[in-house]
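Hi,

Here is the structure I promised to hand over. Have a look at it first, and then read on for what turned up in it.

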Amino acid sequence: MTTFAVRPGSSRQLAGTGILLRFALRRDRLMIPVWIAVNALMVLSMPGTLEGLYGTPAERADLLRQMEANSSLRAMVGPVFGDSLGALTAWRVGIYAGALAAVMSLLIVVRHTRDEEESGRQELVASGMVGRRASLTAALLAAAVANGVLALLVTAGLAGLGTTGALALGLGIAAVGMVFATTAAIVAQLTESARLARGLTAAVLGAAFVLRAAGDSATDDGSSVLTWLSPLGWLENLRPYASERWWVLALLAGAVALQGTAAYALAGRRDLGMSFLPTRPGPASGRLGSAGALAWRLQRGGVLGWSIGFFLAGVVYGGMTDGAADLVGDNENARRIFERMGGQSGLTDAFLASMVGMLGLIAALYIVASVLRLHGEETSGRAEPVLANAVGRVRWAAGHLVIAFGGSALIMLLAGLGFAVGYGKETGPILAACLVQLPAVWVIGGLAVLLHGVLPRAALAAWGVAGAVLLIGWVGPALDAPRAVLDVSPFGHLPKLPGGSMQWGPVLVLTGLAVLLVAGGLAGLRRRDMTT
């Protein structure tokens, strides 16, 4: 097994870190700005929205009273600690901004550690004058740069509401991102697969969200033990714009230092390409006797995780439907935003339609990740042994695409069942509302297939497309964006169900467009050279 040229005890263990950092930032010159832009715009657009919703002291006081009594909405967005515009902004987007920073960070770290080892590129790098821990350090520094830029944008953008609170919120979001960056660094040492490293770190993030939600539903001041077990709970208890608790930042910094130390210790005790939890070899026959079966074996864990997550999300959102209607009450501005997201219908139907639409936007992330598994298999060289047998490129790709497109249908169906369980009413309309999101999800997946087939070097730009669609869907209605902007997203053309009327024309057009995009991508894959 190849080992690093620099001894563990040498002072040159970080040699080459600067070059690797510049290389990492250059490789992620599209992905990192997109993630930062989506997160920053979500945060910075919120004060204007909230000012329109709760413009008077009486409306804000009424919001605080209702949140104290509404445990389901506290589970979704956390408790409110103040009635200022800054405090409401931190309440409404703080947790979600921290979660997005965590996802960005784990993707960066895994991409530049375990992904590099799995593809074999790290072995070439390690053969030069590169320190043993240089790659891990560069990955963590790249995550730190991304989170630092995000913190600067949030602080500068919200400084008008109060510099101290803006600084606390910006640093808190960045600190949560770095907590999960170091978590990903540990998991990358434990696992032999980048896919598994991303999945396990995402599972830790999901567990943190669930713990915080459970704690916040039980108390209205963030004091629950369950809340304090979650880094997202630490972020809300930092309390920006509401008598900031600066010592919570020390708690986040301590977690980063502790996990970073553990990651460096583990990195120094293993050989390049190895892991502490090696993958168990599987059979080459039987259930793995076809390209489709192999694709299912590779992606079944992801499908299972997304399925469970969407079902639970449906249960949670369905259970808070009545509470959302009570919270909005007679607030015409809030009602108008819900109806803009969910269509011109009753408030309950509009809330359900907006939540279903949000899950549809998140399903676009699933389909991009699943389609780009083709790109990972190809660039890592694992596709070559499969294609060296009597397996054509289209057949090989079809196995992954069936899972990508069929899996998106499965998770949206399970989300609909979750809504039916949580809400307990209108099972048929809610299922229809979830399934009608699929043509737009498939268009995003089709674009990913087209990029991979025709422009493989630009395949990762599919994440940028998904991020832009997510930004339009989340922020556009709140900012009262023009219809032309909302129509850029395929989700802007879907019928707003439940409550609205079913329109088959846009559904069929989007489905046909998805078919054409997939066909174009497969045609390009058949004609081009395979990349390595």
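To start you off: are E236 and R212 buried or exposed? Both E236 and R212 are buried, where buried means under 20% relative accessible area, exposed means over 50% and partly exposed is in between (1.4 Å probe, protein chains only).

Before the rest, some housekeeping. This is a predicted model, so local features need pLDDT of at least 70 and side-chain atom pairs count only at pLDDT 80 or more, while totals for chains, interfaces and linings use all residues. Residues are numbered from 1 along each chain as its sequence is written, and side-chain values use heavy atoms, with hydrogens and water left out.

The overall picture
The protein chain has 26 helices and 0 strands; these are DSSP runs numbered from the N terminus, H or I with at least four residues for helices and E with at least two for strands. Of the 532 residues in the chain, 53% are buried. Among contacts (heavy atoms within 4.5 Å) with a separation of 6 or more, 76% are between residues 24 or more positions apart.

The core
A nonpolar core is a set of buried Ala, Val, Leu, Ile, Met, Phe, Trp, Tyr and Cys residues joined through side-chain atoms within 4.5 Å. The largest one here has 144 residues, and Y317, W396, F419 and F491 have the most contacts inside it. Helix α6 gives the largest share of this core, 18 residues.

Helices α2 and α6
The axes of α2 (residues 31–44) and α6 (residues 85–111) come within 9 Å and cross at roughly 170°. Axes are lines fitted to C-alpha atoms, for helices over the stretch in contact, and angles run from 0 to 180 degrees between N-to-C directions. The two helices are therefore roughly antiparallel (over 145 degrees; under 35 is roughly parallel, 65 to 115 roughly perpendicular and the rest oblique). On the α2 side the contact includes W35 and I36, and on the α6 side it includes Y96 and L100. By class, it has 15 nonpolar, 2 polar and no charged residues. Here Ala, Val, Leu, Ile, Met, Phe, Trp, Tyr, Cys and Pro count as nonpolar, Asp, Glu, Lys and Arg as charged, and the others, Gly among them, as polar.

Salt bridges
A salt bridge is a side-chain nitrogen of Lys or Arg within 4 Å of a carboxyl oxygen of Asp or Glu, and the count comes to 5.
- R111 and D28 meet at 2.7 Å, N to O. R111 is in α6 and D28 in the loop between α1 (17–27) and α2, 83 residues apart. R111 counts as buried at 14% relative accessibility, and D28 is buried at 1%.
- E236 and R212 meet at 4.0 Å, N to O. E236 lies in α13 (residues 231–237) and R212 in α11 (residues 194–218), so the pair ties together parts 24 residues apart in sequence. R212, D216 and E236 are linked in a network of salt bridges.
- E378 and R528, both buried, meet at 2.7 Å, N to O. E378 is in α19 (residues 373–379) and R528 in the segment after α26 (504–527), so this pair ties together parts 150 residues apart in sequence.

Happy browsing!
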